Amino acid sequence: FSLTEANSLNTKSHENIHELIRQCLFKIKEYKNFRVIEEFDPSLPKLLINRDLIIQSIDNILVNAYESSNLDSSSYLKIQTKFVVGENVRIPNIQNNIKRNSISLIFSDNGSGIDKSNITKIYLPFFSTKKRGSGIGLFLVKKIIDDHDGSIVIESEDRVTSVKITLPI
């Protein structure tokens with residue numbers, strides 16, 4: 001299943017993001033010494049997304065977090081979701097304002113972190129610091145999020161890495 005096949009399908013459906021996250025978490029079978037903390041906003045509406053591509057993105061982020069983990073008793077992955085109220089956009093000659101609401105997904109882990117010298121390179125195709133990494137994962141994640149009119153920001157400070165994704169509702 002490749003990105004081009006998924007794009008050519010151009011299939012979008014209304015999905016519960018929490019169900020997709022939990023489905024992806026289920027795939028990481030070994031939870032030994034890896035605590036997952038869920039802070040989910042129960043009021044989130046369903047998102048109109050390409051289910052397969054968003055699952056591919058979440059999978060990649062979760063695998064990166066797991067592979068960078070020290071897998072000791074203090075290792076964690078915290079996943080937060082929240083509703084973000086957007087600004088009102090007024091368009092001339094249109095009576096109703098348009099609200100640009102979105103949801104925020106934040107994946108934080110306390111693994112090995114990302115070196116400051118590499119943080120600007122992580123979205124480049126074929127850039128990887130992993131021995132067996134292809135360097136295409138975060139490049140594809142960024143493309144998928146961009147294709148959904150969303151944004152992604154990755155920060156790493158004091159060995160805590162946070163991936164912040166915003167997707168429009």
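Which residues line the largest cavity? Here are my notes, with that one taken up in point 2.

1. Before anything else: this is a predicted model, where local features need pLDDT of at least 70, side-chain atom pairs count only at pLDDT 80 or more, and totals for chains, interfaces and linings use all residues. Residues are numbered from 1 along each chain as its sequence is written, and side-chain values use heavy atoms, with hydrogens and water left out.

2. The cavity lining is made of Ile54, Ser57, Ile58, Leu105, Ile145, Ile165 and Leu167. A cavity here is a set of points, on a 1 Å grid over the protein atoms alone, where a 1.4 Å probe fits but cannot get out; a lining residue has an atom within 4 Å of a point. The largest cavity has a volume of about 30 Å³, and searching the whole structure turns up one cavity of 30 Å³ or more. Volume means the space filled by probe spheres set on the points, which are joined across faces, edges and corners.

3. Who supplies that lining? H3 gives the largest share, three residues, and H3 and E9 each supply at least two. (Helices are DSSP runs of H or I with at least four residues, strands are runs of E with at least two, and both are numbered from the N terminus.) By class, the cavity lining has six nonpolar residues, one polar and no charged. Nonpolar covers Ala, Val, Leu, Ile, Met, Phe, Trp, Tyr, Cys and Pro; charged covers Asp, Glu, Lys and Arg; the others, Gly among them, are polar.

4. Now the largest pocket, with about 920 Å³ of space. Of its 35 lining residues, Asn64, Glu67, Ser128, Thr129 and Lys130 are the closest to the centre. A pocket is an open set of points with protein on both sides within 12 Å along at least five of seven lines. H3 (51–68), E7 (102–109), H4 (137–147) and E9 (160–168) each put in at least two lining residues, and H3 gives the most, nine. The pocket lining splits into 15 nonpolar, 14 polar and six charged residues.

5. Next, H3 against H4. Their axes come within 9 Å and cross at roughly 140°; that makes H3 oblique to H4. Axes are lines fitted to C-alpha atoms over the stretch in contact, with angles from 0 to 180 degrees between N-to-C directions. Oblique is what remains after under 35 degrees (roughly parallel), over 145 (roughly antiparallel) and 65 to 115 (roughly perpendicular). Contact means heavy atoms within 4.5 Å. Among the H3 residues that meet H4 are Leu53, Ile54, Ser57 and Asn64. The contact of H3 with H4 has eight nonpolar, five polar and no charged residues.

6. Last, H2 (residues 17–27) and H3: the axes come within 9 Å and cross at roughly 50°, so H2 and H3 are oblique to each other. In H3, Arg51, Ile54, Ile55, Ile58, Asp59 and Leu62 meet H2 residues including Leu20 and Cys24. This contact of H2 with H3 divides into nine nonpolar, one polar and three charged residues.
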